[in-house]
Amino acid sequence: MKITAKMAFFSLAATLAYLGLAVLGLGGLAAFFSHPALVVIALSTFVMSAVALFTEGNLSPGEREDRANRWVLPAFGLIGLLAAFLPAYTDRLDVWTFGGEGVRWLGVALFIVGGALRIWPVFVLGNRFSGLVAIQPGHTLVTDGIYRTLRNPSYLGLLINSLGWALAFRSSVGVLLTLLTLLPLIARIRAEETLLHTQFGSEYEAYCSRTWRLIPGLY
């Protein structure tokens, strides 16, 4: 995939805006970067944003799209904005916080692992990975590798990444926002499953019968 200056600019701007909300919530650059764990969080965010530029993820409606599911995009956006600011803000006020530096570093580990799990499947799917619930031209069903036992590894990565961010600020509010993410996420998963079942029929049914939706051994 060719990376354009426009793509790089918007990726950098979005990353700076997201981290900027956290810096604002925590009370400024000095307060934010006084925590080594948050320094790693910031660096990891820039690295993940840069790596994501090399994927073929898109917002294409493809050959067929479930437009009724588009409501999840602003829902994710709103939760994301709240998650960027509120955990840092409650950390600054020391309200609804828990633990100490150990919790922060646990958050860093989960943030990085979740981010990697979020991005890896996007490389695997290529242009079949869309921000919309859609069937792309030449769409085929991937059932091996990271998809052998789990149908939505990237979404699991998103949840782990979000939880890591919350823990990096020791924030109960951040944990609640991660749980809130489940509502649009499960709605999106169900919409995708319906569309894939319509497209692939018995092949998709067989795949579902031997895999987990989101969390191995649980759901």
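Is the crossing of helices α1 and α4 left-handed or right-handed? The crossing is right-handed, meaning that the near helix is turned clockwise from the far one by less than a right angle.

This is a predicted model, where local features need pLDDT of at least 70, side-chain atom pairs count only at pLDDT 80 or more, and totals for chains, interfaces and linings use all residues. Residues are numbered from 1 along each chain as its sequence is written, and side-chain values use heavy atoms, without hydrogens or water.

**View 1. Helix α1 packs with helix α4.** Helix α1 spans residues 5-26 and helix α4 spans residues 72-93. Helices here are DSSP runs (H or I, at least four residues), numbered from the N terminus. The angle is about 25°, with the axes 7 Å apart. Axes are lines fitted to C-alpha atoms over the stretch in contact, and angles run from 0 to 180 degrees between N-to-C directions. The two helices are therefore roughly parallel (under 35 degrees).

View 2. The largest nonpolar core has 23 residues. Such a core is a set of buried Ala, Val, Leu, Ile, Met, Phe, Trp, Tyr and Cys residues joined through side-chain atoms within 4.5 Å. Buried means under 20% relative accessible area (1.4 Å probe, protein chains only). The largest share, six residues, comes from α7.

**View 3. Another core lies apart.** This core has 17 residues, including Leu-19, Val-23, Leu-26 and Ala-88.

How values were computed. Parallel < 35°, antiparallel > 145°, perpendicular 65-115°, else oblique. Buried < 20%, exposed > 50% of the residue type's maximum accessible area, 1.4 Å probe, protein only.
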